Amino acid sequence: MHPDLETLVDLHRADVELRHFDSELLALPQKKAAIEAQIVADRAALDAAKAALDGLSKGRKHLELEVQDFEAKRSKYKGQLGEVKTNKEYTALLHEIENVEREIRTREDEILEAMEKGEGGLARVKSEETAFKEVEASRRDEIRAIDASILDCQTKRAEVAATREKKVVDLKPDLLAEYSRILQRRGTALSEAKDGACTMCHVKLRAQVYVDVKRNDTIITCSSCSRIMFFSAPPPQGALEAPLPH
Ligand SMILES: [Zn+2]
């Protein structure tokens, strides 16, 4: 291969790799943030379930205090039964006692309902908490793996960038200018020729052009996309096979 073309191919491969690392370095932190957001959302849901359970138990305590108050009232009214002078007052007191007892029954029903809900809720919150911890642990593992990938990408990117710098120095200024111009316009400056066509714009090459490109000994651009063409020779067939017997 012509040394200039070889340098261009190296530069091209470095740029393709750099672009890959750049997109990874953009995507990986986003992926990490999405996982972190899931952890926060799950924890918020768990906290809400715990708060609801807490509210239920507070409500029950409040009902129990009310029952105590009504029971005290009932005792007081019952004590007054022996002290009233008239039938009318007696009937009125009995009526009050009935009212108080109805209030007590209503609250006792509510307390029972709250207890049942609380028991179910406690079991549910406990299993949700276990599930949360398991999922959180695996998400933390994912985040650690992403952090490792980010570091790996940054290291490899720096290596490729250093290699690119060296290649740039090797390249003749006019070729570098042409390379940069095509890169800016097309996103990639080189295109591999394969099966008689440009692999980037898929336009078929004239037979003679393809033959020339395959020689890799001069700079030829695609007539359609203007990318600089190169040819990668397939690995020699049977290279690893045992030599034929004489
Ligand atoms: Zn092309």
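Start with helix α1, which runs from residue 3 to residue 81. Its 79 residues carry it 117 Å from first C-alpha to last, close to the 117 Å expected at 1.5 Å a residue. Keep in mind that this is a predicted model.

Where is α1 buried? The buried residues are Leu5, Thr7, Leu8, Val9, Leu11, His12, Ala14 and Phe21. An α-helix has 3.6 residues a turn, so residues three or four places apart point the same way. As for what they pack against, the partners are α2 (87–170), α3 (173–186), β1 (190–194) and β3 (228–230).

Two of those partners are strands, so let's look at the sheet. It is an open sheet of three strands in the order β2-β1-β3, and the pairing is mixed. At the edges sit β2 (197–198) and β3, each pairing on one side only. Strands of a sheet pair through backbone hydrogen bonds, either parallel or antiparallel. Here β1 and β3 run parallel, joined by three bridges.

Leaving aside its neighbours within four places in sequence, Phe230 is in contact with Leu5, Val9, Leu190, Glu192 and Asn216. Leu5 and Val9 also turn up among the buried residues of α1.

In soluble globular proteins, nonpolar side chains tend to be buried together. This core has 17 residues, and the ones touching the most other members are Leu8, Leu190, Ile228, Met229 and Phe230. Four elements, α1, α3, β1 and β3, each give two or more residues to the core. The largest share, five residues, comes from α1. The core also draws on both domains, with at least three residues from each of domain 1 (3–170) and domain 2 (173–230).

Now for those two domains, as the domain assignment of the protein gives them: domain 1 covers 3–170 and domain 2 covers 173–230. Their C-alpha centres lie 57 Å apart. How many residues does each one bring to the contact? Domain 1 puts in nine and domain 2 puts in 11. On the domain 1 side, α1 supplies the largest share, with eight residues. By type, the residues on that side divide into six nonpolar, one polar and two charged.

Terms used: Residues are numbered from 1 along each chain as its sequence is written. This is a predicted model: local features need pLDDT of at least 70, side-chain atom pairs count only at pLDDT 80 or more; totals for chains, interfaces and linings use all residues. The expected span of a helix is 1.5 Å times one less than its number of residues. A residue is buried if 20 or more other C-beta atoms lie within 10 Å of its own, exposed if 12 or fewer, and partly exposed in between; C-beta atoms are placed from the backbone. Two residues are in contact if their C-beta atoms, placed from the backbone, lie within 7 Å. Two strands pair if DSSP finds at least two bridges between them. Domain bounds come from an automatic or database domain assignment. Ala, Val, Leu, Ile, Met, Phe, Trp, Tyr, Cys and Pro count as nonpolar, Asp, Glu, Lys and Arg as charged, and the others, Gly among them, as polar. A nonpolar core is a set of buried Ala, Val, Leu, Ile, Met, Phe, Trp, Tyr and Cys residues joined through C-beta atoms within 7 Å.
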